[in-house]
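Work through the exercises below with the sequence and the structure at hand. Each task is followed by a solution in steps.

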Amino acid sequence: MGLAGFEVEVEREGTQGLETEEMTLNMGPQHPSTHGVLRFVVKADGEVMRQAIPDIGYLHRSIEKISEKVGYHGFMPYTDRVDYVAAMFCNQGWGMACEKLANIEVPKRGEYCRVIASELNRIASHLLSVGTMILDIGATTPFFHAIREREKINDLLEELCGARLTYNYMRIGGVAWDLPPGFVERSIDFLDNFELAAREFEDLITYNKIYVERLIDVCPISAEKAINYNLTGPNLRASGVSYDVRRDDPYSIYRELDFQVPVGKGELGTVGDCFDRYIVRIREMNESVKILRQCFAQIPPGPVIAKVPRKFKPPAGDVFIRVESARGDMGWYVVSDGSEFPYRVKIRTGSFAAMSIIDAISSGIMLADLVAVIASLDIVAPEVDR
Amino acid sequence: MRKKTSYLRNIIDTCTTIFEGMAVTFSHFVRKPTTIQYPDRMPVRVQDSLPFRYRGILEVDLEICTGCLACERACPIDCIVIDVKKDKDAGGMVMTRFDIDMAKCMYCGLCSEPCPTGSIHHTPEFEGADYSLESLIRRFIKDPVVAYKPKKTGETDPEIIPILERGNIYVEEFATPESNKPVGGDKPDPKAEAA
Amino acid sequence: MQQYLDSLIAGGYFAGLPTEVVYLLGMLAVGAVVVFVFILNVAGATTFVERRVWARIHNRVGPNRVGPQGILQWLVDGVKLVMKEDIVPADADPWLFRLAPYIVIMGFVAAFAAIPFGSRLVAADMNLGLLYILTVTSLVVVGILVAGWASNNKWSLIGGIRAAAQIVSYEIPAGLSIMPVVLLTGSLNMNEIIRYQGWMPQDWLLFANPFTFVAFFTFFTAALAEGNRTPFDLPEAESELVAGFVTEYSGVRYLIFFMVEWGNLYIIGALATTLFLGGWHIPPITDNVVLQTILEFVVFFAKSYFWVLVAMWIRATLPRVRVDQLMSICWKYLVPITFANVLLVALWMLLVTPGGFVSRAVAYAMTLLGTVLVLYFFRRVLFHLRRARVRERNQLVLSPLS
C-alpha cells in the first residue's frame with residue numbers, strides 16, 4: 001500500500017475467541033474531503049479509529065527559499081500562494097515585516113485599505129471553510145449558498161486589485177491601488193445582503209438537529225491542550241481561550257476599531273468541540289462585517305503608499321511579525337543581511353499546528369468524525385507545506 | 001458535560017429544525033439562479049464587463065516601449081526576456097527580442113508598475129488555453145524594432161499620440177507614485193531610478 | 001390481466017400450451033415492457049430531474065445544454081457510461097464482482113410486479129403483494145454486500161457493511177409502520193388496500209387517525225434509509241469513502257447501481273401512495289374504461305413522483321447522520337414509536353367502528369391538521385422570501401425551468 005516510512009503493526013486481539021485485526025487505511029492525497037493534498041494513515045478497528053498519522057509534504061513548493069532569490073518586492077506575489085484562501089493576510093504579514101525592518105511608516109489611508117481588504121478576505125475564507133465543512137458533513141445546499149456570497153466578495157476584490165484569488169494587493173509601504181470609485185457603496189450593499197444571507201444560513205443549517213448531533217462532543221479540545229499544541233486563531237478561541245492578535249497585540253489600525261472576539265462557550269455541547277469551532281467562525285464573520293462598516297465610515301483621505309525605493313535594501317537584522325489570519329496567528333520571521341535579497345524567511349502558519357493535534361485527539365472517534373474534525377480545524381494544505 | 005436532552009425534546013427539535021430547513025430550501029427553489037451562463041447566454045462579453053484593473057494576459061505596445069528593461073528586472077519569475085542593444089545606425093537602442101512566457105507568468109502585475117510609458121499592461125483577456133506549451137510564449141518582435149525615445153517637448157507623431165495617451169492611463173492607474181511620472185512631462189527622476 | 005389472457009386462451013391462440021405457461025409468458029411480457037420501457041426511463045429521467053431540482057435549490061442552473069432544457073442529458077450520460085472501459089480490479093473476486101450488479105437489479109425490478117399502477121394495471125395481483133415487495137427489495141442488501149466485499153478495497157468494504165447494517169435494521173420500522181395500514185384494511189393485497197381508501201383526502205389512510213399519520217412519517221423515514229438516501233446515505237458517503245461500495249465500479253455496472261438507487265425512490269413513492277395516499281383513486285367523472293385507466297395511471301404516477309421530489313428535496317437540505325446515530329435513531333426512536341403505533345391502532349380498531357361518526361370526525365380533523373401544516377409551511381417560505389428581499393430584487397421565479 002505504499003506506506004514508506006511507516007511501520008504497519010498488525011495487532012491481533014483475542015477477545016472471547018474472536019480474533020480481530022486493526023485495519024490500516026490510507027486516506028490518500030486524493031480524497032474528496034481532505035482539504036487539499038493531505039494524507040492520513042488511519043488505523044481503524046472497524047468504524048472506530050485508533051490513530052490517524054498525518055503525512056504532509058505533497059504541496060511543498062519551497063516558497064521560503066524562493067524569497068532568497070527574488071528579493072523583497074518580488075516576493076509579494078509569492079506570499080499569496082502561501083495560503084491562497086486568505087491571501088491578503090499573507091501579503092500584510094510580509095509587508096509589515098519589511099516595513100519593520102526598514103522602519104517605513106504606512107500612511108493612514110493605506111492601513112485602512114489594508115484592513116478593509118483583509119477583513120473582506122477573512123469573511124471569504126471563513127465562508128469557504130464553513131461551506132466545505134458542511135459539505136463534508138453531507139449537506140450540499142449551504143455550501144453553494146456560502147460560495148455564492150464568496151463570489152460576491154471576489155467580485156469586490158477583483159474590482160479593487162484585479163485578481164480573485166492571488167491578490168498581490170499590498171506592497172511594501174502600503175497598498176498598490178486606492179479604492180476605486182463606487183467601491184464603498186457596493187461594499188456596503190454587499191454587507192447588507194450578507195447579513196441577511198448569514199441569518200438564512202443559521203436557519204438552514206446551524207441549529208439543524210442532525211448537523212448539531214454530528215458535531216457536538218466530537219473531539220473537544222481543552223484550553224490547556226490547545227495552548228500546549230500551539231493552536232491559534234478560531235481553533236484556540238473555540239476552546240475557550242480569549243486571545244486574538246488584533247486585540248491583544250494590536251497592529252495596523254485595530255486599536256481604533258471596536259469589535260468583539262467570539263469565544264467558544266460549549267453552548268450546545270462541550271467547550272472546544274467541533275460545533276464550537278464552527279460557531280466561532282460564523283460569529284467572526286459577523287464581527288468582520290462590523291469592522292468593515294467602521295472602516296468605511298472612518299477612512300481618511302490621503303496617499304495609500306509610502307515612498308519605498310525600487311531597490312529595497314533594509315538594514316541587517318531580524319524581525320518577527322504576527323498577523324491574525326483567518327486560520328490563526330500567522331508569524332513572519334525575516335532575517336536580513338543588508339542586501340537586496342532576504343537571508344531567511346520563515347512563515348509560521350496556523351494550519352501546521354492544527355495538523356499536529358489531529359493525531360493526539362483522534363483515538364476513539366469514528367471515521368465520519370475524522371472528516372468532521374479535519375474540516376472543523378480548517379486545515380488548508382498550502383499553509384501546512386508552504 | 002453534554003446537556004441531557006429529553007427523548008421528546010429530541011423528537012420535537014428534529015421535526016422543527018427539519019421543517020424550518022425545508023422551508024428555507026423551498027424558498028431558494030423559487031428564486032432566480034445566480035449562475036452566469038458563460039460564454040453563450042450572456043448579455044455582454046465577459047471581457048468587456050471586467051473591471052479596469054483586471055490582471056489578464058499581458059500585452060506590450062511596442063510603439064512606445066523605451067527598452068528600459070524595468071519590467072524584466074521587476075518580474076519575480078523571470079518570464080520576460082528582452083534583447084536590447086545600442087545601434088548607432090538605427091539611431092538609438094534596438095530591440096531584437098521581447099518574449100513573455102505566459103505559462104510562467106503569475107499575473108502579479110509587478111511588471112506594469114515600473115513601466116514609464118505604460119506599454120506593458122494587463123488586458124482583460126483570460127482565454128489563453130492552447131494545445132502546446134510553446135504557443136504560450138508571446139513573442140512581440142518579429143523584425144528588430146527601434147526603442148521609443150520619449151520627447152521632452154511632447155509627442156508630435158499623430159500615430160503614436162493615441163497609443164501614448166492610452167499608455168498614460170495605465171501609468172496613472174498602475175504605477176506606484178513617486179517612482180514614475182507620466183510621459184510627456186519631465187524625464188523620469190534619475191535619483192528614483194538609481195535608488 | 002388474468003381475464004385478458006383467459007380470453008386469449010379461449011380464443012385458441014395458445015394451442016397446446018398449459019395455462020400456467022401462458023400465464024408465465026404473459027407475466028414475462030408485461031414485465032419486460034414495464035421494465036424496459038417504463039422503469040429504466042423513469043429511473044434515468046429521475047437523475048436528470050434530481051440534478052435540475054438540486055440546482056435550483058442551490059441557486060444555480062443544472063444541466064441545460066443537451067437537448068431543449070437539457071432533457072437528453074440522462075440519455076447522453078447513459079450512453080457515455082455504456083461506452084466506458086470495463087474495468088475489473090486485478091485482485092477483486094472475478095465472479096462476485098460481476099455478479100453483484102445483477103443481484104441488485106433483480107431485487108429492484110422484481111418489486112415492480114406487484115405495484116398497482118391502476119385498478120386494472122397490476123402485473124401480478126397477489127394476495128401477499130405488500131409482503132412480496134418488502135421481501136424482494138431486501139435482495140438489494142445482498143447485492144451491496146457482495147459489491148463491497150468483492151471490490152477488494154477496504155473503503156468499499158466499510159461501505160458495504162454499513163449498508164447491510166443500515167438496510168437490515170430499517171426493515172423493522174418499515175414493516176412495523178406498514179402494520180397499521182394492514183390492520184385497518186385487513187389485507188396485504190395492494191389493490192385491496194387502495195380500494196379501502198377513496199379519492200378525497202379525508203378518505204385517505206394518511207388522515208384516518210393520528211396513528212397512521214405518525215406511521216406515514218416513520219414509514220417514509222425508514223424507507224429513505226432503505227434506499228440509501230440522505231440523511232442516511234452513509235454507504236455512498238462521498239466525502240468519506242470516495243464512493244463507498246461502488247468505488248471500484250465503472251461503466252455499465254455503475255449505471256446499474258445508480259439506476260437502482262433512483263428507481264428505488266420511485267418504489268418508495270409508490271408504496272407511500274398506495275398505503276397512505278389513496279393510490280390511483282380518481283373522482284368519478286367518467287365511465288369510459290380506457291379513460292379511467294389512463295387517469296388512474298396518471299394520478300398514481302403523479303402522486304408517487306411527488307414523493308420522489310420530496311426525497312430529493314430532503315437530500316438537498318439535510319446533512320448525513322453518523323453510523324452510530326443511524327443505529328440509535330432506528331432502535332431507540334423508530335422501533336419504539338412504530339411499535340407503540342401498532343398497539344394504539346389495534347386499540348383504535350377495538351373502540352371505534354369503521355365508517356361511524358367518531359372515525360369520520362377524526363378523519364376530518366386530521367385533514368384539517370394536514371392542511372394547516374401545509375399552510376404554515378408556505379407561510380414560513382414567504383417569511384424567508386420576504387427576509388431575503390426577493391421581491392425587491394426581482395428574483396422570484398416560479399417556473400422550474402430557467
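**Exercise 1.** Among contacts in chain B between residues at least 6 apart in sequence, find what percentage join residues at least 24 apart.

Solution. In this predicted model, take the contacts of chain B whose residues are at least 6 apart in sequence; 75% of them join residues at least 24 apart. Next, list the elements of the chain: chain B has five helices and six strands. Their order along the sequence is α-α-β-α-β-β-β-β-β-α-α. Finally, consider burial: 28% of the 195 residues of chain B are buried.

**Exercise 2.** Determine which residues of α4(B) are buried, and explain where they sit around the axis.

Solution. Start with the helix itself: α4 of chain B runs over residues 160-174, 15 residues in total. From first C-alpha to last it reaches 21 Å, close to the 21 Å expected at 1.5 Å a residue. Then pick out the buried residues of α4(B), which are Leu164(B), Gly167(B), Tyr170(B), Val171(B) and Phe174(B). These lie on the same side of α4(B), because they cover an arc of only 115 degrees around the axis. Last, look for what covers them: β4 (120-122) of chain B is included.

**Exercise 3.** Describe the side of chain C that touches chain B, by element and by class of residue.

Solution. First count the residues in contact: 21 from chain C and 19 from chain B. On the chain C side, α2 (19-57), α12 (289-317) and α14 (357-387) each supply at least two residues. The largest share, five residues, comes from α14(C). Sorted by class, this side of chain C has 13 nonpolar, five polar and three charged residues.

Methods
Residues numbered from 1 in each chain as written. Chains lettered and ligands numbered in written order. Predicted model: local features only at pLDDT ≥ 70, side-chain atom pairs only at ≥ 80, totals over all residues. Helix = DSSP H or I, 4+ residues; strand = E, 2+ residues; numbered from the N terminus. Expected span 1.5 Å × (residues − 1). Buried ≥ 20, exposed ≤ 12 C-beta atoms within 10 Å, placed from the backbone. Arc of directions from axis to C-beta. Contact = placed C-beta atoms within 7 Å. Nonpolar A, V, L, I, M, F, W, Y, C, P; charged D, E, K, R; others polar.
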